[in-house]
Amino acid sequence: MIYLDHAATTPVRREALEAMWPYLTGDFGNPSSHHRVGEAAAAALADARAEVARVLGCRPGAVTFTSGGTEADNLAIKGIALGAPRGRHVVTTPIEHEAVLESVDFLARVHGFEVTMLGVDAGGRVSPDELAAVLRDDTTLVSVQLANNEIGTVQPIAELAAVAHARGVPIHTDAVQAAGWLPLDLGALGVDALSLSGHKVGAPKGSGVLAARGRMPLEPVLHGGGQERGRRSGTENVAGAVALATALRLAEAEREEAAARVAAARDALIARVLADVPSAGLTGDAVHRLPGTASFVFPGTSGEAVLLELEQRGVVGSSGSACAAGSDEPSHVLTAIGLPAEVAQTAVRFTLGRDASAEEVAAAAASVAPAVSAVGGIVAS
């Protein structure tokens, strides 16, 4: 099997498993307990927090461990908007992950916030000039993904952050898909808060991070015993935090080499598919794109049918976000970039992992035209 759905989840790294094992066995303590077993767990949690902070270029106190990217996005958006609001206005984009969009919708429905959706171009990019035009004195938060989970488009986050800060507005970025591929230094990105998910970088599912500037007021989503400096109550998942820190550190160490190598394989995949299937369309920005993402539409087919044919040929991809799998609705990302609903429903996404080889990617690419042909699509003769 050639697995090309790494944007959905990645295999757990052996190093992450080995790092977390002691905290699932002998060192099982609650880090809030004031005895030797608890203090050992607390020390491991502190080390994991410091390791994550080193990758993100922030203080350890800025790091809050969560159950994943969805919780981190919820905590960022609801927490910042409700923590010390300048007003009741938030700005985001129509191509964000559902965790962002649903959090913003909650603010609108329950707390009366007004929401401005920035336009995106045909590649899914946001204009800093448009952001500048919509910011107001009562804007309390901007949230824009660093890289899109369906089409792989990378946003000009540093430019957007500069625009937001010029008006005194904090900015959050969902960097879940960018981890391991793009630099995540908060200072270089210019963001005030950044969300990550462990299972996208080789840690187990159920681990995540919100990095938010330490002095920023943040209303908790989970209330209770005041763990994580009051930002996220609940007994901490020490083993998950250790695994996430280990996987993130390794991903960052490998990032530049892996990104260059995988981008070359991605480009070869794109070229082969577009040559073999003349009706195919590449989605997302052709230049500002994650190294491992190649996403297409195949008009005149069903994306799900193409995926079934590919799986019979030993290739696993997806039709878009795993969080929307099984939905009959067209992708909100693809319709936002201007594709008709019937074309959006023909989408197929291939996302390569850090260990992707040129040979396996070439084999996957060679399987696409036969799969499309099998469901009635037009291919090169």
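This is a predicted model: local features need pLDDT of at least 70, side-chain atom pairs count only at pLDDT 80 or more; totals for chains, interfaces and linings use all residues.

Residues are numbered from 1 along each chain as its sequence is written, and side-chain values use heavy atoms, with hydrogens and water left out.

Q: How many aromatic pairs does a search of the whole structure find?
A: Rings of Phe, Tyr and Trp (its six-membered ring) pair if their centres lie within 6.5 Å; planes under 30 degrees apart count as stacked, over 60 as edge-to-face and the rest as tilted. Searched as a whole, the structure gives 2 aromatic pairs.

Q: Which class of aromatic pair do phenylalanine 296 and phenylalanine 350 form?
A: The ring centres of phenylalanine 296 and phenylalanine 350 are 6.2 Å apart. Their planes are at 65°, and the pair is edge-to-face.

Q: Which strands hold phenylalanine 296 and phenylalanine 350?
A: Strands (E, at least two residues) and helices (H or I, at least four) are DSSP runs, numbered from the N terminus. The pair links distant parts of the chain, 54 residues apart. Phenylalanine 296 is in S10 (residues 293-297), and phenylalanine 350 is in S12 (residues 347-351).

Q: Is leucine 107 buried or exposed?
A: Buried means under 20% relative accessible area, exposed over 50%, partly exposed in between (1.4 Å probe, protein chains only). Leucine 107 lies in helix H4 (residues 98-111). Its relative accessibility is 0%, so leucine 107 counts as buried.

Q: Which residues is histidine 6 in contact with, leaving aside its neighbours within four places in sequence?
A: Histidine 6 is placed in the loop between strand S1 (2-3) and helix H1 (14-20). Its relative accessible area is 17%, so histidine 6 is buried. With contact meaning heavy atoms within 4.5 Å, the residues are Pro11, Thr351, Leu352 and Gly353.

Q: How are H9 and H12 oriented to each other?
A: Axes are lines fitted to C-alpha atoms, for helices over the stretch in contact, and angles run from 0 to 180 degrees between N-to-C directions. Helix H9 (residues 303-312) and helix H12 (residues 358-374) pack at about 125°, with axes 8 Å apart. Angles under 35 degrees count as roughly parallel, over 145 as roughly antiparallel, 65 to 115 as roughly perpendicular and the rest as oblique. H9 and H12 are therefore oblique.
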